[in-house]
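Please read this report with the sequence and the model at hand. It takes up a sheet, then aromatic pairs, then charges over rings.

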Amino acid sequence: MQEMFQILEKRINAGEDGMLIAVIEKSGSAPRQAGAYMLVGQNGRLWGTIGGGNLEYQATVRGINLLQEKRSEVREYYLGAEKSAELGMICGGDVRVLFYYMDASDEDVQNFVEQGSLAGREQEPYWLLLPLEEGPAVVLRECREAQNRRQIEWNGLPYYAERFSDDGKVYIFGGGHLTQETVPVLSHLGFRCVVIDDREEFTQPELFPGAEAVLQSDFRNLFSLLDVQKEDYIAVMTRGHLCDTEAERFALRTPACYVGVVGSRKKTQIVRRKLMEEGFSEEELDRVVTPIGLDIQAETPAEIAISIAAQLIQVRAAKQKR
């Protein structure tokens, strides 16, 4: 969402109107859940997706038309076998889609974009409220009316409400070829990556497109360098078991929601045995996911990067459900 607000901010500052399209309700086997977003301009899709295929095409066309008409609406799309002739999609479900017209000259729209951009920069939780009939879109830091509900009444008007929060950072120890393949993938998926290595040649920012930060530090100094929170992820990809031991020792003393380690069975057993000798319990060591990533028979660094990204998507989805 931070990227969405960044795009909106540029457009509003340039005086360009836009259409924010959101799936606000779904039933059956629709492509995307409620909470899928897309931005459309006069020339087509700018950002996001509401499911792809003909549904997205039709929504994009409708968004462009509504943009020209300068108005919003809520529209139903039927994906079941009996009603899908319009879309050519037989997913077996229905979706309700909100088209919210954003007038660049409207002060309410300007304030909405400003508050959304600010919340993203400050990495603080916020509620996004989109009007289903009349009223302005708003960003609120708290919304007691919403709690966990999707559609609410706010200021006497119906709204679609969704809560967004900082999903944490991915701390990656080691700046080798695997990390160089993994960071761009994770960044594209919305993960905020911080790379740490003790070698200058492996801490050049240009090696890690999309990384939030690249730090050079001895792995023995991690406690004074990093403040890992329970929302954060840790991936250990260092060059050997000595560095792995330092990184895992640090990781196991943090509340990180995920600790994954790359390495052969022999290397991981060496590190595990060393940490057990230091007093770590079996339960503590069982926090470590090794081998890292989902088992998709990955071999190359690029393939392993995809398996790691898939596993972090899985962990993130489980966190969001909780």
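In what order do the four strands of the open sheet lie?

## Basis of the report

This is a predicted model, in which local features need pLDDT of at least 70 and side-chain atom pairs count only at pLDDT 80 or more, while totals for chains, interfaces and linings use all residues. Residues are numbered from 1 along each chain as its sequence is written, and side-chain values use heavy atoms, with hydrogens and water left out.

The order in the open sheet is β7-β6-β9-β8, and the pairing is antiparallel; helices (H or I, at least four residues) and strands (E, at least two) are DSSP runs numbered from the N terminus, and two strands pair if DSSP finds at least two bridges between them. At the edges lie β7 (138-140) and β8 (151-154), each of which pairs on one side only. From one strand to the next, the twist averages 40°, with axes taken as lines fitted to C-alpha atoms, for helices over the stretch in contact, and angles running from 0 to 180 degrees between N-to-C directions.

Helix α3 (residues 107-122) packs on the sheet, where it touches β6 (126-131) and β7, and its direction makes about 35° with that of β7; contact here means heavy atoms within 4.5 Å. Four bridges join β8 to strand β9 (residues 157-164) in the antiparallel sense, and isoleucine 152 has tyrosine 159 in β9 as its bridge partner.

## Aromatic pairs

Nine aromatic pairs occur in the structure; rings of Phe, Tyr and Trp (its six-membered ring) pair if their centres lie within 6.5 Å, and planes under 30 degrees apart count as stacked, over 60 as edge-to-face and the rest as tilted. Phenylalanine 5 and phenylalanine 112 form an edge-to-face pair, because their ring centres are 5.4 Å apart and their planes lie at 65°. Since phenylalanine 5 belongs to helix α1 (residues 2-13) and phenylalanine 112 to helix α3, the pair ties together parts that are 107 residues apart in sequence. Both phenylalanine 5 and phenylalanine 112 are buried, that is, under 20% relative accessible area, where over 50% is exposed and in between is partly exposed (1.4 Å probe, protein chains only).

Ring pairs also link Phe5, Phe112, Tyr37, Tyr126 and Phe164 into a cluster.

## Charges over rings

Arginine 199 lies over the face of phenylalanine 202, at 3.9 Å from the ring centre, and arginine 316 lies over the face of phenylalanine 191, at 4.0 Å from the ring centre. A charge sits over a ring if NZ of Lys or CZ of Arg is within 6 Å of the ring centre and within 35 degrees of the ring normal.
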